[in-house]
Amino acid sequence: MTDAETTESAVPANVVIGSDIPYRPFEYETAAGELKGFDVEIAEAVFSGQLGVNYEFKKTSFDTIIPSLNNGNFRVIMSAMTINDDRAEQVDFSDPYFTAYQTIIVREDSEISAREDLMGRAVGVQKGTTGLGAAEQLQEEFDGDLDLKEYDQITGAFDALMNGQVDAVINDNTVNAEFVNNQDGVRFVEGEGAAAEQGENAPPYLTLTVENYGIAFRQDDDAFRERVNEAIAAIRESGEYDEIYSNYFSG
C-alpha cells in the first residue's frame, strides 16, 4: 500500500461527531429541528468541503463525552471543547480552532461587580466543563466559601440565574454573550483578568482563563487527525474560516 493510499484510508466515509447540544452559538437546534452553529459550519467546511466525506452530529452529555468517544460511540468530538492537560491524557486534540475565555454573568440588579464579590455566593456551572474548573479554582481561592451548583446543560444554569437559584454563572464568553444579548436583565462582570495578564486582546469583561478549543480524537487515530489538521489549515488559508467566524462573533 502506498503512502497516499494509507492517508486516504484514514478518512472514514461517514464521520459521526459527538456533541453536547444545546450550546449556542456553537451547536443548537432551531425551532424546525435544524442543527446550526459555529461548530456545525466548521464541520461542514472541514469534513464535507475539504475531506469530501459525510458527517452527522450525535447528541451526547458533555460530562460523559470523552468516555463515549473512547467507547467508539462516535469518531470525534466537536463540542466547544477546551484543550487541557487532563483531557489530553485521555484523547488527542486537533490544532486549536477557537480561542475562548471563562467569564461571569449576573443579573442586571446584582451587587456583584468583581470576582471577590462571588465569595459566599451560589454559582451555576455545567458539569464536566472548564467553567466548572474555573469555579472550583475560585472556590479554593475563597477557602471553600463558594456554593457550586452543577447542571447537565448550560441552559439549566441560565434558568437558575434568572430564577434566583444562583447568583452568577461561570461559562465560556461567547455562550454567555449569546445569552446576555438575547435576555433582558443580565450582564457580564467587567474588569481585567487572565486575557490582559497574558497580553491577549482582552474583551471588556472579566476573564478568568484563556482557552483554546480543539477537535478531540481517540489516541489511536493519528492519521485521521493529521488530515483534519490539514483541512483546518486549508479553511484558514482560504478565508472560509473567517467567513464562518463573522457569522457568529463579529459585528
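**Exercise 1. What volume does the largest pocket have, and which residues sit closest to its centre?**

Before we start: this is a predicted model, where local features need pLDDT of at least 70, side-chain atom pairs count only at pLDDT 80 or more, and totals for chains, interfaces and linings use all residues. Residues are numbered from 1 along each chain as its sequence is written, and side-chain values use heavy atoms, leaving out hydrogens and water.

*Step 1.* The volume comes to about 450 Å³. A pocket here is an open set of points on a 1 Å grid over the protein atoms alone, where a 1.4 Å probe fits, with protein on both sides within 12 Å along at least five of seven lines; lining residues have an atom within 4 Å of a point.

*Step 2.* The lining has 20 residues, and N173, T174, Y205, Y245 and F249 are the closest to the centre.

*Step 3.* Now sort that lining: twelve residues are nonpolar, seven polar and one charged. (Asp, Glu, Lys and Arg count as charged; Ala, Val, Leu, Ile, Met, Phe, Trp, Tyr, Cys and Pro as nonpolar; the others, Gly among them, as polar.)

**Exercise 2. Which helix gives the most to the lining of the second largest pocket?**

*Step 1.* Find the pocket, with its volume of about 240 Å³. Its lining includes N84, D86, R87, G128 and T209.

*Step 2.* List the elements that each supply at least two lining residues: α4 (85-88), α5 (130-141) and β12 (209-213). Helices are DSSP runs of H or I, at least four residues; strands are runs of E, at least two.

*Step 3.* Pick the top giver: α5, with four residues.

Key
Points joined across faces, edges and corners; volume = space filled by probe spheres on them.
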